Amino acid sequence: DKHGVPEECIVLGNGSTEILQMGVQACMNPQLRLVSPTPTYEDVFEYTEPHPWVDVRGVPLLPDFSHDLSGMEEATRNSPDPVLVYVCNPNNPTGSLTPVADVVSWIERAGDHVHFLVDEAYFEFVDDPGYYSLDRMATENPNVVVARTFSKVYGMAGMRLGYAVTHPDTARLLRSFACGPNANHLALVAGLAALQDPDWVDFSVSRNLESRRMAYAVLEELGLEYIPSHTNFVMHRISGDLRQYIERMSDAGIRVGRPFPPMLEYNRCSFGLAEEMERFAETLRDFRRRGWV
């Protein structure tokens with residue numbers, strides 16, 4: 001493509017969730033150990049559930065909500081058998097960043113039995129100068145798979161189109177776990193059109209920034225702590241019971257994020273259009289008047 005990633009390094013998926021599934025299945029082994037931050041996107045955990053022998057090790061995030069890479073690396077030790085490390089950067093649901101240079105440093109010193117599945121679903125939204133994609137590294141290192149999606153910045157979630165960037169040998173292995181014709185024709189046509197419309201990314205990112213500012217403003221107005229986000233959502237504190245808050249928002253016609261244990265004093269809110277964020281803000285203000293948040 002225009003970034004110079006060879007075709008043989010690309011694997012298509014039915015959304016990036018299928019890429020994550022392929023990544024887990026390709027490493028499956030009776031002695032497999034999965035090391036992941038927690039909380040994070042749950043699918044990688046769920047893909048191990050049919051295989052109860054997998055040694056799943058969740059490592060809590062650091063106080064700044066970045067991955068505890070030292071703790072995760074420690075969790076890979078004393079295992080001569082395959083280890084799969086899941087890195088979600090920016091992280092879902094916290095929207096937080098983990099220093100890429102630290103991830104790269106770990107990958108470079110890791111043993112050959114340690115495999116890295118790097119989820120970059122939200123990378124287009126990041127404007128931190130220290131952040132960059134691991135796509136180039138993935139094309140050269142058979143133990144690194146980068147998962148990407150058209151669901152976020154391109155707004156194509158319902159069309160289910162994702163892809164992996166990885167070494168050609170790993171790409172061939174991943175394809176053997178694909179669900180046959182996993183990317184439908186309409187999604188492929190839309191994906192090609194999206195890649196030929198670079199202005200859309202700038203437009204989408206700028207609208208997202210506008211909605212992010214609106215969300216921050218009302219949260220600050222009401223004194224509700226939030227985690228600075230590098231994505232198209234924000235994780236913020238609430239008062240009271242989380243499920244009751246979700247139900248009350250639903251009653252008001254707004255669907256907010258699901259619970260992400262153990263962070264049950266927080267809720268994740270995806271950014272919508274400006275007018276939708278204004279409705280969210282007014283609803284939060286109404287909740288405050290009612291003593292609900």
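Me: Which residues in α8 meet α10?
Reply: On the α8 side they are Glu 210, Ser 211, Met 214, Ala 215, Val 218, Leu 219 and Glu 221. Their partners in α10 are Ala 274, Met 277, Glu 278, Phe 280, Ala 281, Leu 284 and Arg 285. Contact here means heavy atoms within 4.5 Å, and helices (H or I, at least four residues) and strands (E, at least two) are DSSP runs numbered from the N terminus.

Me: What kinds of residues are in that contact of α8 with α10?
Reply: Nine are nonpolar, one is polar and four are charged. Ala, Val, Leu, Ile, Met, Phe, Trp, Tyr, Cys and Pro count as nonpolar, Asp, Glu, Lys and Arg as charged, and the others, Gly among them, as polar.

Me: Before I go on, what sort of model is this?
Reply: It's a predicted model, where local features need pLDDT of at least 70 and side-chain atom pairs count only at pLDDT 80 or more, while totals for chains, interfaces and linings use all residues. Residues are numbered from 1 along each chain as its sequence is written, and side-chain values use heavy atoms, leaving out hydrogens and water.

Me: Back to those helices. At what angle do α8 and α10 pack?
Reply: About 10 degrees, with the axes of α8 (residues 198–221) and α10 (residues 274–289) 9 Å apart. That makes α8 roughly parallel to α10 (the label for angles under 35 degrees). The axes are lines fitted to C-alpha atoms over the stretch in contact, with angles from 0 to 180 degrees between N-to-C directions.

Me: New topic: how many aromatic pairs are there?
Reply: The count comes to nine, pairing rings of Phe, Tyr and Trp (its six-membered ring) with centres within 6.5 Å.

Me: Where do Trp 106 and Phe 116 lie?
Reply: Trp 106 is in helix α4 (residues 100–109) and Phe 116 in strand β5 (residues 114–119), so the pair ties together parts that are ten residues apart in sequence.

Me: And the peptide bond from Asn 89 to Pro 90, cis or trans?
Reply: That one is cis, with omega near 0 degrees. Pro 90 sits in the loop between β4 (83–88) and α4. The bond from Pro 261 to Pro 262 is also cis, with omega near 5 degrees, and Pro 262 is in the loop between α9 (242–251) and β10 (266–270).

Me: What is phi of Phe 65?
Reply: Near 70 degrees, which is positive in a residue other than glycine. Phe 65 is in the loop between β3 (55–60) and α3 (69–75).

How values were computed:
Parallel < 35°, antiparallel > 145°, perpendicular 65-115°, else oblique. Phe/Tyr/Trp six-rings, centres within 6.5 Å; stacked < 30°, edge-to-face > 60°.
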